[in-house]
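Trainee: I would like to learn how to read a structure of this kind. Could we go through it feature by feature?

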Amino acid sequence: MSLLFSSLAFLLLITTTTTSSPAATPLRRGYYSATCPPAEFIVREVMRKSLLSDPRSAASVMRFQFHDCFVNGCDGSMLMDDTDTMLGEKLSLSNIDSLRSYEVVDDIKAELEKACPGVVSCADIIIMASRDAVSLNRIHNLIPIILCFFNPLFSVYSVFVNQTGGPNWEVKLGRLDSLTASQADADAIMPSPRANATMLIDLFARYNLSVKDLVALSGSHSIGKGRCFSIQFRLYNQSAIEPHFREKLMDLCPMGGDDNVTVGLDSTPVVFDNAYFRDLVGGRGFLNSDQTLYTFPATRRYVERYSRDEEEFFRAFVEGMVKMGDLQSGRPGEVRRNCRVANGGRPPAPAGFRVDRWIS
């Protein structure tokens, strides 16, 4: 049984959405309340299973929103595989050897298609899954699992989910999926790990995101790991690194060593908290694009504030995620049935065309 969702099918109002007009899609909370009521529940349950099997997927999936929304808006383009006629974003400089866990979105989409075929976009899945990657395990949930049945007693075992400890928030939904993707666009937009604060401020300003948003959203590096490849230049060419931290990094990432060794992006890489900002204050930022937030005056004051007040950081992070989720290109789109490829073979429908039907 697919997460018990098939039993809900008779309750669902299904909307089959074809290609839309170029106008930006209005976003709102509760967008799927009539057309796919269990959508957010389905996303959360698949994310829960993913975190149980691979705790690192939390950081990976959370970053999907950044890498998707900054390149031509939040349209699911980063999920598309290359084709004979299209180089997508997966092999772009910022994504190759960096992003992972695409299969988590595949699993979510498969469950949603069983419950509500053709309704929930891949772009919206990214937004919901990114939120759940942060918020799903705010407190330690004891999950009872019946592993075996003995005569006449049940043997019940329990497992603990790795907790990220981050904030929860409502998301606005209603996005459409892009019809194409562009490696060139991703290469031209996404910042390098060597980027300085001035470059990052300019980039965020292009999307009407403030300096405050920049610093708060950089706090996404509170969870996850980075490759030694990303620290080599900073480690062996810069002096603004706390000595003991430098010694630790040199042991893990020696010159000429394995660039694919991974290191926590902050001192608590499996917990979403404000340790990232405390580390920056102490000169222990992993990436240059992180540490520069403390050395640059315009961003330093926010780093200091968030290092002292975790709840303020959480509020600013949520605000930034919601604002970033509003980014749209206004290009034509569709609801993909497979997040890796455009539906194809279907001519664009008239603007606003929808077919609604009750499933009984």
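This is a predicted model: local features need pLDDT of at least 70, side-chain atom pairs count only at pLDDT 80 or more; totals for chains, interfaces and linings use all residues.

Trainee: What is a cavity, and what is a pocket?

Mentor: Both are found on a 1 Å grid over the protein atoms alone: a cavity is a set of points where a 1.4 Å probe fits but cannot get out, while a pocket is an open set with protein on both sides within 12 Å along at least five of seven lines. Lining residues have an atom within 4 Å of a point. Grid points are joined across faces, edges and corners, and a volume is the space filled by probe spheres set on the points. The count here is one cavity of 30 Å³ or more, and the largest cavity has a volume of about 60 Å³.

Trainee: Which residues line the largest cavity?

Mentor: Among them are Gln65, Trp169, Lys172, Arg175 and Asp326. Helices (H or I, at least four residues) and strands (E, at least two) are DSSP runs, numbered from the N terminus. Helix 13 (residues 310-325) gives the largest share of this lining, three residues.

Trainee: What volume does the largest pocket have, and how many residues line the pocket?

Mentor: Its volume is about 1200 Å³. The lining of the largest pocket comprises 44 residues, and His67, Ser94, Ser98, Pro193 and Leu287 lie nearest its centre. By class there are 20 nonpolar, 15 polar and nine charged residues. Helix 2 supplies the largest share, five residues.

Trainee: Is Ser101 buried or exposed?

Mentor: The terms have cut-offs: buried means under 20% relative accessible area, exposed over 50%, and partly exposed in between (1.4 Å probe, protein chains only). Ser101 has a relative accessible area of 3%, so Ser101 is buried. Ser101 is in the loop between helix 2 and helix 3. Contact means heavy atoms within 4.5 Å; not counting residues up to four places away in sequence, Ser101 touches Asp54, Ser57, Ser60, Val61 and Phe64.

Trainee: Where is Asn208, and what is its phi?

Mentor: Asn208 is in the loop between helix 6 and helix 7. Its phi is positive, about 60°, although Asn208 is not a glycine. Asn208 counts as exposed because its relative accessibility is 67%. Asn72, in the loop between helix 2 and helix 3, also has a positive phi, near 60°.

Trainee: How does the span of helix 1 agree with what it should be?

Mentor: The expected span of a helix is 1.5 Å times one less than its number of residues. Helix 1 (residues 39-53) has 15 residues and should span 21 Å; its end C-alpha atoms are 22 Å apart, which agrees. Buried residues in helix 1 include Ile42, Val46 and Leu51.

Trainee: How many helices and strands does the protein have?

Mentor: There are 13 helices and eight strands. Of the 360 residues, 51% count as buried.

Key
Residues are numbered from 1 along each chain as its sequence is written. Side-chain values use heavy atoms; hydrogens and water are left out. Ala, Val, Leu, Ile, Met, Phe, Trp, Tyr, Cys and Pro count as nonpolar, Asp, Glu, Lys and Arg as charged, and the others, Gly among them, as polar.
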